[in-house]
Amino acid sequence: MSSNRMIRRELKRGALVKKHLEKRNSLREQLNDPDLDIDAKFAVLAKLEKLPRDSSKVRTTKRCRVTGRARGVYRKFGLCRNELRRRTMNGEVPGLVKASW
């Protein structure tokens with residue numbers, strides 16, 4: 001089980017991403033503008049770098065909804081491999097069965 005601190009940190013990052021999403025996207029659009037001269041691009045880049053690091057979407061990680069585990073998480077189910085296997089064996093995940101041949 002992941003520590004509650006790690007789960008809270010990811011929730012905090014998600015909130016920061018939502019808060020700064022529009023500003024970050026507008027600054028990126030300005031950087032990709034071909035008509036902008038190099039000095040203006042550096043000014044836009046400086047504004048982008050002043051935003052909090054955790055407001056970047058890349059820094060968020062997917063975690064298991066039940067255990068908080070960061071590795072081996074299936075996007076489709078939102079569960080880590082261990083929890084997915086346990087729930088599949090109990091018949092709690094519709095459409096999944098253990099392979100046998």
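Student: How far apart along helix 1 are E10 and R13, in helical turns?
Tutor: They are separated by about one helical turn, because they sit 3 residues apart in helix 1. Helix 1 covers residues 4-31. Helices here are DSSP runs of H or I with at least four residues, strands are runs of E with at least two, and both are numbered from the N terminus.

Student: Is this an experimental structure or a predicted one?
Tutor: It's a predicted model, so local features need pLDDT of at least 70 and side-chain atom pairs count only at pLDDT 80 or more, while totals for chains, interfaces and linings use all residues. Residues are numbered from 1 along each chain as its sequence is written, and side-chain values use heavy atoms, leaving out hydrogens and water.

Student: Ok, back to E10. What does E10 form with R13?
Tutor: A salt bridge, with the closest N and O atoms 3.1 Å apart. That term means a side-chain nitrogen of Lys or Arg within 4 Å of a carboxyl oxygen of Asp or Glu.

Student: And are E10 and R13 buried or exposed?
Tutor: Both are buried. E10 has a relative accessible area of 11%, and R13 is at 11% too. The cut-offs, with a 1.4 Å probe and protein chains only, are under 20% for buried, over 50% for exposed, and partly exposed in between.

Student: Which residues does E10 touch, leaving out those up to four places away in sequence?
Tutor: R59, T60, T61 and R63. A contact means heavy atoms within 4.5 Å.

Student: What about D54, which side chain does it meet in a salt bridge?
Tutor: D54 meets R13, at 3.2 Å from N to O. This pair links distant parts of the chain, since D54 lies in the loop between helix 2 and strand 1 while R13 is in helix 1, 41 residues away.

Student: How many salt bridges are there in the whole structure?
Tutor: The search finds 6. Another of them joins E92 and R87, with closest N and O atoms 4.0 Å apart. E92 is partly exposed at 45%, and R87 is partly exposed at 24%. Elsewhere, salt bridges that share partners tie E10, R13, D54 and R59 into one network.

Student: New topic! What pattern does the chain follow along the sequence?
Tutor: The pattern is α-α-β-β-α, made of 3 helices and 2 strands. The chain is more spread out than a compact globule, because its radius of gyration is 20 Å, well over the 13 Å that the globule rule gives for 101 residues. That radius is taken over C-alpha atoms, and the rule is 2.2 Å times the number of residues to the power 0.38.

Student: What does the C-alpha trace span, then?
Tutor: About 65 × 35 × 15 Å along its principal axes.

Student: How much of the chain counts as buried?
Tutor: 24% of the 101 residues. As for contacts between residues at least 6 apart in sequence, 39% join residues at least 24 apart.
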